[in-house]
Amino acid sequence: MLSCFKDKVGDVLLPGDVFSFQMPESITDSKPEKVVCGPGLRRNGDEVLVCKSGILRHKQPNLYWIDSQQRRYVPGKGESVIGIIAAKSGDIFKVDVGGSEQASLSYLAFEGATKRNRPNVQVGDLVYSQFIIANKDMEPELVCIDSCGRANGMGVFGAGGLLFKVSLGLVRRLLAPQSEIAKDLEKMFPFEIVVGMNGRVWVKSKTIQQTLIVANLLESCENMTAQQRQTLFRRVADGSI
Amino acid sequence: MRDTPLSNCERDFLLKAIEEKKRLDGRQTYDYRSIKISFGTDYGCCFVDLGKTRIMAQVSCELITPKENRPNEGIMFFNIELSPMASPSFEMGRQSELLVKLNRQLERCLRNSKCIDTESLCVVSGEKVWQIRVDVHLLNHDGNLMDAASIAAIAALCHFRRPDVGIQGEEVTVYSTEERDPIPLSIYHMPICVSFSFFQQGTYLLVDPCEREERVMDGLLMIAMNKHREICSIQSSGGIMLLKDQVLRCSKIASVKVSEITELINKALANDKKARKTGGKFGFAESLPQERITALKTDVSPVEMSDVKEKANEIVQRAEVPPQTVPSPVLTAPGTGQVGEGIENSWGLEEEEEEEEEEETMELEEGHEEKERGDVVVISDSGSEEEDVVILNQVTTKEKACSSNQQGAVASKQQKKKKRK
């Protein structure tokens, strides 16, 4: 079963491709293997269907997923995103996360917030928060604390920086543990960056010019190979202010 | 869908950047984004890219009765549509304020400036004039829609060709594109809109705002001008107070920009004309970069061609004699005609209906045999005036009749459209 997956790792697959798992008689005595289907793969009875176009990736021991490219965000549970407060209504804030619906964020979901001690959040602020409920049947919900009640980096932020939007693939590449893009960028000049899984990136640097440079570099290195990106960064670093 | 709200930090950053004379994409204060103009295969179809803003304009024409108080002038009709693919906040069918504003502005710029000679659009005074219709579709919204729409509209009007019309006494003939070359509209001048956005109560000025700059601006000044430095329309929105010398300065900047853009349009028109004349490929598909996936491509394989002629002759000789050409049509009843005798109904309907039909045709044919053979048979449908009236000869036949699209009949496409008073 795993073998038909293993053959296709690194190949481009299209929606409609099917992996069928009929167990041939000869291997009935081995234990059935478990395969974890990640995003882009869906189980349909005995078969696994591909529902997004992209490249099949593999992570040990048994995780497979489709690496695809898109710009429109779909909320997923546990993902950390940058949201913009759109409205305040009663006890909750309505937050725009770039999905089809606005998410709700309770005012008690901040560190140290109580009914008497309301958090200082205005309409139009940026919040870095996590989804606790995100499925297609319910309105998504966000929180700015983790399970222990601590902020852990989440909450309101953003005075003085620039917010812009990139594709979801670039965001995942930036957030990967050994991200090359992040390493190349670090060599340029010091800056602060917040990356949301919904494609929104916030950047702040010492001067406005440097902030604009970082923002433009990130937007443009979307479709570049590593080689092109490094030459571009080097050119900018040589001629930079 | 709702549009993404503008966050406070974005607004603060943009305003601070403008105070330091920096724009998001690195342009200077008076710089336009790169403009790209391309034309489609039909006359009158124009695509304009202003940075990421993308607009398509299409011009078409139609003969209609003129207005009563202006019997010898043609009619210009403008229509802008905001397609939902341009921005998530645009919805089909919703009359938003922005749409009304754009429509009014385009009409004021092009119709009131009299850039097109409407009297040359008259065919028969009081009865038939050309109505020129300009449809502008917004395909992607990245700011400064008005400028892009005006460039697209005027370029499409310059590119458009209308059918030629011949008047002989009382008769008016509209020639199709195959008979006579279509003629361009007579355009006096090309008005182009230039937008200026103001920030911090008129202190800072930017030309050609992109979408984010438009969101934080205080007011907008729009000047429509032609290259002869004549102002066609000027409009200020947003309620900002402008000083006289600010407005004068803007008009000077606008005249420089307009002459550059007019030159660009003329160059694009000349390129397109050259491509059409030399028979090269033109049109929207050709202006895209060639990034084809050759999945279905097969290698060129050699074909044996030595005895093709003999084979072809053999096949022709062995072929059967084709059936005779269909005789001239039969007038079975006023307003209908029949060519040939009709083949059997092959739809597999019930037998009863078939028998009934056969009986009917038999009766009609018997009754009208006298009217059969004439040298020229004219069939005219008295219902609508606009229908083609087809003149059929005995030799070259084509149908305007009910049944058969049979073999052998189709000759040349000689369709003369005649309008009889």
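Begin with both chains on display: in this predicted model, chain A and chain B bury about 1,700 Å² between them, and 63% of that area lies on carbon and sulfur atoms. If you now colour the residues that take part in the contact, you will pick out 23 residues from chain A and 16 residues from chain B. Within chain A, select Leu162(A), Ile208(A) and Leu212(A), which supply 30% of the area that chain A buries against chain B, more than any other three residues. A search for salt bridges between chain A and chain B returns a count of zero.

Next, select helix α4 (residues 208–220) of chain A together with helix α1 (residues 8–19) of chain B, whose axes lie 10 Å apart and which pack at an angle of about 120 degrees. Angles of 65 to 115 degrees count as roughly perpendicular and those over 145 as roughly antiparallel, and α4(A) and α1(B) are therefore oblique to each other. The crossing that α4(A) and α1(B) make is left-handed. Show the side chains here, and you will find that α4(A) contributes Ile208(A), Thr211(A) and Leu212(A) to the contact, while α1(B) contributes Phe13(B), Lys16(B) and Ala17(B). Sorted by class, this contact of α4(A) with α1(B) has four nonpolar residues, one polar residue and one charged residue.

On the α2(B) side, display Leu98(B), Leu102(B), Gln105(B), Leu106(B) and Leu110(B), which meet Leu145(B), Met146(B), Ala149(B), Ser150(B), Ala153(B), Ile154(B) and Leu157(B) in α3(B). The residues of the contact of α2(B) with α3(B) divide into ten nonpolar and two polar, with no charged residue among them.

For the last stop, turn to charged pairs, for which the count comes to 22 salt bridges over all chains. One to inspect is in chain A, where the side chains of Arg57(A) and Asp67(A) meet in a salt bridge with an N to O distance of 3.1 Å. Select strand β6 (residues 54–59) of chain A to find Arg57(A), and strand β7 (residues 63–67) of chain A to find Asp67(A); the two residues are ten residues apart, and the pair links distant parts of the chain.

Notes. Residues numbered from 1 in each chain as written. Chains lettered and ligands numbered in written order. Predicted model: local features only at pLDDT ≥ 70, side-chain atom pairs only at ≥ 80, totals over all residues. Heavy atoms only, no water. Axes fitted to C-alpha atoms, helices over the stretch in contact; angles between N-to-C directions. Helix = DSSP H or I, 4+ residues; strand = E, 2+ residues; numbered from the N terminus. Parallel < 35°, antiparallel > 145°, perpendicular 65-115°, else oblique. Left-handed = near helix turned anticlockwise from the far one by under 90°. Contact = heavy atoms within 4.5 Å. Nonpolar A, V, L, I, M, F, W, Y, C, P; charged D, E, K, R; others polar. Buried area = accessible area lost by both parts, 1.4 Å probe. Salt bridge = Lys/Arg side-chain N within 4 Å of Asp/Glu carboxyl O.
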